[in-house]
Amino acid sequence: MYGDLGLKLVQHAKRTQALAHLPPYQTELVRAVTREIRDLDKDVSSILAPFEGSFNPAAEPATACNVLVDHLCMRRNKRCLLAYHRVRSDKLEEMCWNGQDVLDKDATAAGGQNGGTTMSSDTGNQSSLSPEEEEYVRNYSDMLAAYKGQWMDIDLTGTLEPPKDLFIDVRVLKDAGEIQTEYG
């Protein structure tokens, strides 16, 4: 049925959000959804081919309904693919901000499964990341390191929630003289 594979991807993405680690990339499922989108596009093209660009939906309501259903299924599958990849990219970014080395963790996991030898991605690496995700993480980590490098004296990965204690200890990095806040 149309959209079943996209639904599986969305369910997988939903489960991924609750996990502390990133499960393996669903290559076959992504390919199947992409193949379904291509097949639906071919169906729409073959349905509209006899009309040669002058299709009037009011004159052919059955054909218009068929084209609409195919088009909506394509859009839904594309949204499912985007949602799946968005969840994975958000998880990877979160892991980078938390200071976890995603690429080394995958290499270590693959090495442990293959008797201690790390294999390249061309020879069947069991990494949970696709090659594109590995490149994304590498580039994102480099960009994040460059951004954090500008602010060496400030921890950008700290919590954004204010403290609940009435009195807190403040570590002064630079003497700014006497400071007056709005509360005294």
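**Exercise 1. What covers the buried residues of H1?**

Before starting, note that this is a predicted model, in which local features need pLDDT of at least 70, side-chain atom pairs count only at pLDDT 80 or more, and totals for chains, interfaces and linings use all residues. Residues are numbered from 1 along each chain as its sequence is written, and side-chain values use heavy atoms, with hydrogens and water left out.

*Step 1.* Find the buried residues. A residue is buried under 20% relative accessible area, exposed over 50%, and partly exposed in between (1.4 Å probe, protein chains only). In H1, the buried ones are Gly6, Leu9, His12, Ala13 and Thr16.

*Step 2.* See how they are arranged. They sit on the same side of H1, because their arc around the axis is only 120°; the arc is that of the directions from the helix axis to the C-beta atoms. Lys14, Arg15 and Ala18 are exposed on the other side of H1.

*Step 3.* Look for the cover. H2 and H3 are included in what covers the buried residues of H1, where contact means heavy atoms within 4.5 Å.

**Exercise 2. Describe the overall fold of the chain, then check the span of three helices.**

*Step 1.* Count the elements. There are five helices and zero strands in the chain, taken as DSSP runs numbered from the N terminus (helices: H or I, at least four residues; strands: E, at least two). In sequence order, the pattern is α-α-α-α-α.

*Step 2.* Compare spans. The expected span of a helix is 1.5 Å times one less than its number of residues.

- H1, with 15 residues, reaches 22 Å from its first C-alpha to its last, close to the expected 21 Å.
- H3, with 37 residues, reaches 53 Å from its first C-alpha to its last, close to the expected 54 Å.
- H5 (residues 131-149) has 19 residues, and its end C-alpha atoms are 27 Å apart, which agrees with the 27 Å it should span.

*Step 3.* Look just past H3. Gly99 follows this helix, and its phi is positive, near 85°.

**Exercise 3. Which residues of H5 are buried, and which are exposed on the face turned away?**

*Step 1.* List the buried set: Glu133, Glu134, Val137, Tyr140 and Leu144.

*Step 2.* The buried residues of H5 fall within an arc of 130°, so they line one face of the helix.

*Step 3.* Turn to the face away from this buried side, which carries the exposed residues Pro131, Glu132 and Asp142.

**Exercise 4. How many disulfides does the model contain?**

*Step 1.* Use the cut-off: a disulfide is a pair of cysteine sulfur atoms within 2.5 Å. The count comes to zero.

*Step 2.* Cys65 is partly exposed at 45% relative accessible area, whereas Cys80 is buried at 6%.
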